[in-house]
Amino acid sequence: MQCSGKVVSNKRIVGPKATGETCHIIIDHNGELPYWEGQSFGVVPPGNRAKDGKPHSVRLYSIAASRYGDDMSGKTTSLCVRRATYWCPELQADDPAKKGICSNFLCDAQPGEEIALTGPSGKVMLLPEDKPEADIIMVATGTGIAPYRSFIRRLFEEDTEAAAAYKGVAWLFLGVANSDALLYDDEWQTAKAKAPDNFRLDYALSREQENKKGGKMYIQDKVEEYADEIFTRLDSGAHIYFCGLKGMMPGIQDMLKEVCTSKGIEYDQWLKGLKKAKQWHVEVY
């Protein structure tokens with residue numbers, strides 16, 4: 001399905017020392033594109049491709065709002081978008097010819113501007129709403145935080161049946177470069193204060209923290225610190241989600257393999273079991 005949405009607001013949500021620019025963009029879809037938490041919308045940037053004159057193709061973005069939208073009207077959605085730029089070593093500057101067409105269009109979009117939306121799509125990242133007692137372990141790098149914002153708003157922010165029914169622990173791991181690059185920290189702190197027994201939060205700040213080996217603290221290092229508890233929760237039916245750049249997954253999988261080896265568990269069989277039980281959710285790009 002496709003509709004023309006209108007930008008309601010566009011706000012930079014990182015500090016001055018963040019690596020790159022990330023924006024939170026609220027779009028009015030007039031209720032024409034109902035969606036669930038964990039789904040994605042496609043965005044078609046305006047104009048045509050330079051190489052062949054054809055319209056630009058659709059780019060997918062994970063939805064960063066609950067089904068009701070940030071304003072609870074059911075008519076808006078939100079996207080969390082990092083501006084894609086390319087640093088040219090010869091120019092010693094960003095090369096405008098190689099910048100991300102769609103991310104720059106979205107980060108520059110002004111209130112009232114029209115945006116062509118398609119979708120929603122995706123089933124991989126949905127919440128197990130039939131199991132309100134299930135723990136949810138959410139692992140993100142950068143803008144991979146988007147679906148988890150939709151989860152956390154649904155489970156802790158909103159006054160809904162889903163929030164009232166949720167009895168599990170939602171545990172968020174977010175990996176970014178530094179404190180200025182943290183996304184939605186104020187919202188996570190509010191959720192923690194509101195539901196200290198049901199919401200947990202851990203950050204991996206690669207340029208500010210060290211892992212146990214004295215190297216940079218990446219997302220897999222932070223998750224590894226809690227490996228015993230995470231494995232126990234998974235054995236008890238927890239769902240684990242991964243979202244962000246695809247480069248995050250090899251490090252995470254290597255770490256999980258090492259943990260399995262130390263516990264005498266056969267990794268491939270363990271992973272196969274999680275996938276079969278639909279407890280393993282991955283959306284990387």
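Let's start at Arg83. Setting aside neighbours within four places in sequence, Arg83 is in contact with Glu21, Ser103, Asn104, Cys107 and Asp108; contact here means heavy atoms within 4.5 Å.

Ground rules next. This is a predicted model, where local features need pLDDT of at least 70, side-chain atom pairs count only at pLDDT 80 or more, and totals for chains, interfaces and linings use all residues. Residues are numbered from 1 along each chain as its sequence is written, and side-chain values use heavy atoms, leaving out hydrogens and water.

Back to Arg83. This residue is found in the loop between S5 and strand S6 (87-88). Helices (H or I, at least four residues) and strands (E, at least two) are DSSP runs, numbered from the N terminus. Is Arg83 buried or exposed? Buried, with a relative accessible area of 17%. The classes are buried under 20% relative accessible area, exposed over 50%, and partly exposed in between, with a 1.4 Å probe and protein chains only.

The Arg83 side chain makes two links to look at. Another is a polar contact with the side chain of Asp108, at 2.8 Å. A polar contact is a pair of N or O atoms within 3.5 Å; within protein, one must be able to donate a hydrogen and the other to accept it, and residues adjacent in sequence count only if both atoms are side-chain atoms.

Now helix H1. Six of its eight residues are buried, so H1 is largely enclosed by the rest of the structure. The buried ones are Cys102, Ser103, Asn104, Phe105, Leu106 and Cys107. What do they pack against? Strand S1 (2-12), strand S2 (22-28), strand S3 (40-44), S4, S5 and S8.

On to the largest pocket. Its volume is about 1,000 Å³. Of the 43 residues that line this pocket, the closest to its centre are Arg82, Thr141, Gly142, Thr143 and Leu245. Elements giving two or more residues to the lining include strand S5 (76-82), helix H1 (101-108) and helix H7 (248-262). S4 gives the most, with four residues. By class, the lining has 21 nonpolar, 18 polar and four charged residues.

How is that pocket defined? On a 1 Å grid over the protein atoms alone, a pocket is an open set of points where a 1.4 Å probe fits, with protein on both sides within 12 Å along at least five of seven lines; lining residues have an atom within 4 Å of a point. The volume is the space filled by probe spheres set on the points.

Next, helix H6, residues 227-235. Ala227, Ile230, Phe231, Arg233 and Leu234 are buried. Why do they sit on the same side of H6? Because they cover an arc of only 160° around the axis, taken from the directions from the helix axis to the C-beta atoms. The face turned away carries the exposed residues Asp228 and Asp235. Just after H6, Gly237 takes a positive phi of about 105°.

Last, some backbone points. Met72 is not a glycine, yet its phi is positive, near 65°. Met72 is in the loop between S4 and S5, and is partly exposed at 41% relative accessible area. Tyr184 also has a positive phi, about 60°. Tyr184 lies in the loop between S10 and helix H4 (185-194), and counts as buried at 6%. Finally, a cis peptide bond joins Gly119 and Pro120, with omega about 5°. Pro120 is in strand S8, residues 114-121.

Definitions and conventions
Nonpolar A, V, L, I, M, F, W, Y, C, P; charged D, E, K, R; others polar.
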